[in-house]
Amino acid sequence: MKVADILGVDGCRLVEPSFAELTMDSYTALLLRAMADEARLLVDEEEEPLALALHDESGWHAVSFLFRDPTLAAIECFEEVGGDIYQESRAAWLSAVREYYSLDICKNVLPALEDLPPDREGKIRDLIDEVWGDRPGTLCLDCCCGSGVGTAALRTSGMQTLAYDNDPALLALGLSRGRLAPADTMCIDAREASRYITPTPLGAIFMAGEIYSYNADLWEPIVTELLALTDEALITVGTEPEAALVEGWCTGQGRDARVFENRRDPIYDRWCCVARRA
């Protein structure tokens, strides 16, 4: 379901330029500058506001309240215009908003060049089966998903996926190749994932790094944020020293961590750390 369909208006544009900026209150104030003659308020199952759309001479524009609270000024604006109230599930609106921004990336971002070995997805799928076995329908996060080879492998294994990365060119490649699904993909900073994602059973990072002492302060919060969101995580890297760093971060968060060598490929996903809640 599309954003415009849910709001009941054609051609509606979200004011926030990117999915990551849906947390910022300033865009609500920006919308309210419009000289509105029509309004739509979208509420969820609990009648909590999800979005406000206003119409002026330039068309329909909306802001989303998925990750921030509506302001009093926004509610007063809606009441003054005397608009209509629409209702939709929070999950459906979230899915539509993710798709909206994913399609925007497809339209406006030049995809990165393809550089994946043709057998990489199958090898990841074998690794997933070894670690997690048969988990049909289980939701798994693909953190730092890149162009989505891990997401594709997870989906082929029967899992639901939610993918995120902060590189729009890689996301554009994955979306264009069908490895990433628009409604299940986000361009966000993985260090702030909990602002956009609720806890899930499983999570993965396929080929984190390269991790060195000088960039460990970047990767450690990415790993710890994934751990905070999941009951069990699979993190793969290229070298044993990297795996040792990841293991230390996992045990430091109170997780039971196990490191093993994966001999399916000489380079990709060579060392793995599986971290479970103690």
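Rings of Phe, Tyr and Trp (its six-membered ring) form an aromatic pair if their centres lie within 6.5 Å, and planes under 30 degrees apart count as stacked, over 60 as edge-to-face and the rest as tilted. The views below show a predicted model, in which local features need pLDDT of at least 70 and side-chain atom pairs count only at pLDDT 80 or more, while totals for chains, interfaces and linings use all residues. Residues are numbered from 1 along each chain as its sequence is written, and side-chain values use heavy atoms, with hydrogens and water left out.

**View 1. Aromatic pairs around Tyr 196.**
By this rule there are six aromatic pairs. Phe 19 and Tyr 196 make a tilted pair, because their ring centres are 5.7 Å apart and their planes stand at 40 degrees. Phe 19 sits in the loop between β1 (13-14) and α2 (26-31) and Tyr 196 in the loop between β8 and β9 (200-205), so this pair ties together parts 177 residues apart in sequence; helices (H or I, at least four residues) and strands (E, at least two) are DSSP runs, numbered from the N terminus. Both partners are buried, Phe 19 with a relative accessible area of 2% and Tyr 196 at 7%; buried means under 20% relative accessible area, exposed over 50% and partly exposed in between (1.4 Å probe, protein chains only). The rings of Phe 67 and Tyr 196 have centres 5.2 Å apart and planes at 80 degrees, so they are edge-to-face. Here Phe 67 comes from the loop between β4 (59-64) and α3 (72-81), 129 residues from Tyr 196. Ring pairs join Phe 19, Phe 67, Tyr 100, Tyr 101 and Tyr 196 into a cluster.

**View 2. The largest nonpolar core.**
A nonpolar core is a set of buried Ala, Val, Leu, Ile, Met, Phe, Trp, Tyr and Cys residues joined through side-chain atoms within 4.5 Å. The largest one has 53 residues, and those with the most contacts inside it include Phe 19, Trp 93 and Ile 205. Helix α8 (residues 216-229) gives the largest share of this core, seven residues. Beyond four places in sequence, the contacts of Ile 205 (heavy atoms within 4.5 Å) include Cys 143, Trp 219, Ile 222 and Leu 234.

**View 3. The largest cavity.**
On a 1 Å grid over the protein atoms alone, a cavity is a set of points where a 1.4 Å probe fits but cannot get out, whereas a pocket is an open set with protein on both sides within 12 Å along at least five of seven lines; lining residues have an atom within 4 Å of a point. Two cavities reach 30 Å³ or more, and the largest has a volume of about 40 Å³. Its lining includes Phe 19, Arg 98, Tyr 101 and Met 186. Helix α4 gives the most to this lining, four residues.

**View 4. The largest pocket.**
The largest pocket holds about 780 Å³ of space, a volume being the space filled by probe spheres set on grid points, which are joined across faces, edges and corners. Of its 35 lining residues, Cys 144, Phe 206, Met 207, Ala 208 and Gly 209 lie nearest its centre. The largest share of the lining, three residues, comes from α8.

**View 5. The second largest pocket.**
About 370 Å³ of space lies in this pocket. Among its 19 lining residues, Leu 94, Arg 98, Leu 162, Tyr 196 and Thr 198 are the closest to its centre. Helix α4 supplies the largest share of this lining, five residues.
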